[in-house]
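Here is a short briefing to read alongside the model. Please keep the sequence and the 3D view open as you go.

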Amino acid sequence: MKLLFSAVLFSISSFLIAQEDLYDLALNDTVKKLSTVTIIVKQQTPERLHEVENNALFSGKKNEVIRMANINANFTTNNAREVFSKVPGVSVWENEGSGIQINVGVRGLSPNRSWELNTRQNGYDISSDVFGYPEAYYNPPLEAVEAIQLVRGGASLQFGSQFGGMLNYVLKRETEKPFTFETQNTLGSYGLMSSYNAIGGTKNKFSYYVYNHYRVGKGWRENSDYEVRNSHAYIAYQFTPKTKLSLEYTNMDYEMQQAGGLTDAQFKDNPRQSLRERNWMGTPWNVAALIIDTKLSSNLTLNTKLFGLIGERNSVGFTSTPDKVDAIITNEYANRQVDRDFYKNLGIETRSIYTYKLGKQNQNLAFGARLYRANTTRKQAKNGTTASDFDLEIDGRFSRTLDFQTDNIALFAENQFKINNHLSITPGIRYENIKSSIDGRLGINTDGTDDNVTPESLSRNKILMGIGVEYKLHKTNFYANFSQAFRPVLFSDITPPTTNDVIDPDLKDADGFNADFGYRGNLLGWINFDVGCFYLNYDNKIGLIQKFVNDPKPRTYQFRTNLGTTIHKGIESFVDLNISKALKVNQQIGDLQLFTTMSFIDARYEDYKVTKPSETVPNLLIESNLKGNRVENAPRYIHNFGVTWSYKSFSSTLQNRRTGKVYSDANNTETPSASGVTGKLDGYSVYDLSMEYRFLEKFNVRGGVNNLSNTIYATRRAGGYPGPGILPNDARTFFMSVGVKL
């Protein structure tokens with residue numbers, strides 16, 4: 001704060017002195033023009049959300065705000081490894097370098113298309129179906145993002161019941177000038193070309209923002225071509241100082257060739273190789289929202305969002321395990337499998353903050369409601385063409401056609417009771433009514449008749465409760481939170497996948513809670529920190545277990561079922577030190593910041609009985625237990641270490657990410673299977689370097705090297721799409737970008 005005050009005072013003094021100097025120069029009829037000097041200061045990041053922000057309460061909740069302008073990273077390919085480097089406990093799946101989908105998880109939860117998080121854009125849903133199929137096939141290009149907000153488990157009461165919390169992408173807006181134009185154009189390794197272009201402005205009561213982003217590349221691995229376009233339009237009108245109406249629409253479309261998985265032997269021999277040149281995926285996506293912000297009285301605000309989604313998930317390919325060759329038979333390839341999903345969602349959500357007096361303190365009540373309907377049509381398991389391009393043609397009918405519908409009614413309320421200027425307590429409650437239904441055809445019998453599913457409907461009523469506590473101490477605060485969470489059985493859980501997995505017909509919904517405690521804030525003007533611990537209880541977790549049977553001969557298969565309770569506990573810490581400020585030499589050498597995020601995650605299964613083959617007696621199955629086994633995809637540690645240097649017009653960040661080993665199944669299989677689908681994945685260490693130089697106030701040059709150390713590693717094994725087996729990450733890649741904002 002002292003630095004900020006000094007900077008403001010210096011600016012005002014300089015301005016007044018400059019006015020006096022100009023007056024004297026004017027008397028002499030001589031004016032000397034000074035050259036412009038651009039000064040870059042990367043502010044301390046991440047920030048934290050205010051106690052009350054965007055008609056929501058965040059008091060006592062662990063949260064982070066990442067402002068894109070305050071970090072150096074490869075925004076062109078949405079490099080989550082760099083972007084989330086200052087947020088502890090974020091695991092990332094990096095199975096392809098296009099960045100079309102951001103795959104992140106927290107506290108040892110699966111990063112699969114961020115499906116354990118309530119994923120939003122400007123506060124409204126963007127995933128396929130929040131309760132039926134919460135995979136985020138779309139995320140905005142980070143060049144269009146102003147900030148990323150991440151709220152951990154304490155978000156379950158106000159935003160939805162997900163265990164991971166809420167992830168919100170806040171898009172750029174122009175609020176000062178009547179017209180601006182921004183462009184950022186990038187070239188990089190392996191055919192990367194990208195162009196982001198936007199216009200925006202505010203004039204009187206009218207404001208707007210429109211962008212288009214186009215990116216194409218060939219990818220580090222063979223058969224990894226992709227082409228993606230993101231377009232967005234926003235328009236708003238401020239009717240009165242208290243009421244604003246806005247409309248926004250987003251459209252995305254892409255085609256992505258999927259290199260598929262490898263066996264461990266293939267990965268070791270050549271991780272860039274691909275045995276699948278005919279596998280493709282595309283997800284045209286349309287999201288729209290009508291938003292009303294109004295102040296109903298001096299102490300009551302209202303935000304209402306009417307939002308909808310129309311999207312598709314389309315894939316075609318040869319989806320066998322990598323130990324099976326996609327070979328030419330009788331002068332042509334075999335028919336590929338075509339799978340298609342169609343999503344149509346509509347929802348309305350209201351949020352209000354009511355401020356009232358109790359004693360000498362202002363209290364805040366957050367409350368709201370949500371109505372939501374999602375329809376998913378899933379068409380699968382049909383032979384497509386023998387071609388090699390992105391061709392969704394089929395011959396006849398799809399073998400499986402299922403219709404899913406989710407209806408949701410939710411009511412929530414949280415009240416921040418301010419005991420005094422330091423202490424506040426925030427209890428809350430959320431009521432969820434979720435109705436899920438299924439109808440359609442599971443397959444086609446050999447006689448040509450339909451094997452129809454028995455139409456089924458399931459209704460749940462869930463009440464979630466929680467409480468948060470925050471104690472302010474100067475520019476720091478202690479926080480603690482307990483919030484219940486819930487995850488219904490997903491459509492993907494009950495639909496037989498493209499592999500030979502078997503589904504338990506008696507799957508149950510998962511529930512549990514998040515608890516965390518920490519200390520965060522700013523000290524001495526040069527220390528930014530957040531250190532805490534967490535405890536996550538996940539009951540009836542659904543996952544894959546390897547089953548062993550002797551009928552008619554010894555064999556194994558993957559079984560999807562409830563695997564009992566998992567307990568995730570650990571420590572999340574972040575510290576950022578501005579060394580040059582501490583030594584009071586930042587005016588001479590710029591800002592030199594050292595940061596570290598260290599996360600220790602102990603995620604393990606509780607009691608759950610399984611069978612496994614005897615190591616001594618052939619064909620004999622013995623009873624075992626998952627108790628003590630590590631949760632799949634949950635590393636023991638995730639550490640990031642980095643240094644950022646900013647001086648005048650230049651800034652750069654060098655960082656190192658270190659992640660522990662993970663298991664791909666609940667059995668904690670050490671030795672990889674012949675197909676590469678199960679087995680341990682070793683930990684890794686990766687370095688990234690990103691830089692930016694700004695000149696003439698309006699221009700910038702960005703560049704960097706991802707995976708500077710050229711490490712060969714993998715973060716994921718797939719059982720189906722994007723191709724069974726081990727999925728290698730990109731080795732060393734480069735990018736260079738030039739931009740201007742007028």
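This is a predicted model: local features need pLDDT of at least 70, side-chain atom pairs count only at pLDDT 80 or more; totals for chains, interfaces and linings use all residues.

Residues are numbered from 1 along each chain as its sequence is written, and side-chain values use heavy atoms, with hydrogens and water left out.

**Overall build**
- The protein has six helices and 44 strands; helices (H or I, at least four residues) and strands (E, at least two) are DSSP runs, numbered from the N terminus.
- Its radius of gyration is 27 Å, close to the 27 Å that the globule rule gives for 742 residues, so the protein is as compact as a globular protein of that length. The radius is taken over C-alpha atoms, and the rule is 2.2 Å times the number of residues to the power 0.38.
- Along the principal axes, the C-alpha atoms fill a box of roughly 100 × 60 × 50 Å.
- Of the 742 residues, 55% count as buried (under 20% relative accessible area, with a 1.4 Å probe and protein chains only).
- Among contacts (heavy atoms within 4.5 Å) between residues at least 6 apart in sequence, 67% join residues at least 24 apart.

**The five-stranded open sheet**
- The strand order is S3-S8-S9-S6-S7, with mixed pairing; two strands pair if DSSP finds at least two bridges between them.
- At the edges are S3 (63–67) and S7 (124–125), each pairing on one side only.
- S3 and S8 (residues 145–151) run antiparallel and are joined by five bridges, and Val 65 has Gln 149 in S8 as its bridge partner.

- S40 (residues 684–695) pairs with S41 (residues 699–706) in the antiparallel sense over eight bridges; Tyr 693 has Val 701 as its partner in S41.
- Three residues lie between the strands of this hairpin, where Leu 696 takes a positive phi near 55°.
- S41 is also joined by eight bridges to S44 (residues 733–741), and the two run antiparallel; here Asn 700 is partnered by Gly 739.

**A closer look at Arg 378**
- Arg 378 sits in strand S21 (residues 361–383) and counts as buried because its relative accessibility is 3%.
- Leaving out residues up to four places away in sequence, Arg 378 touches several residues, including Tyr 133, Arg 340, Asp 341, Phe 404 and Phe 491.
- Its side chain makes a polar contact of 2.8 Å with that of Asp 341 (a pair of N or O atoms within 3.5 Å, one able to donate a hydrogen and the other to accept it; residues adjacent in sequence count only if both atoms are side-chain atoms).
- Ser 492 is 114 residues from Arg 378 along the chain, with 9.8 Å between their C-alpha atoms.

Notes. Buried means under 20% relative accessible area, exposed over 50%, partly exposed in between (1.4 Å probe, protein chains only).
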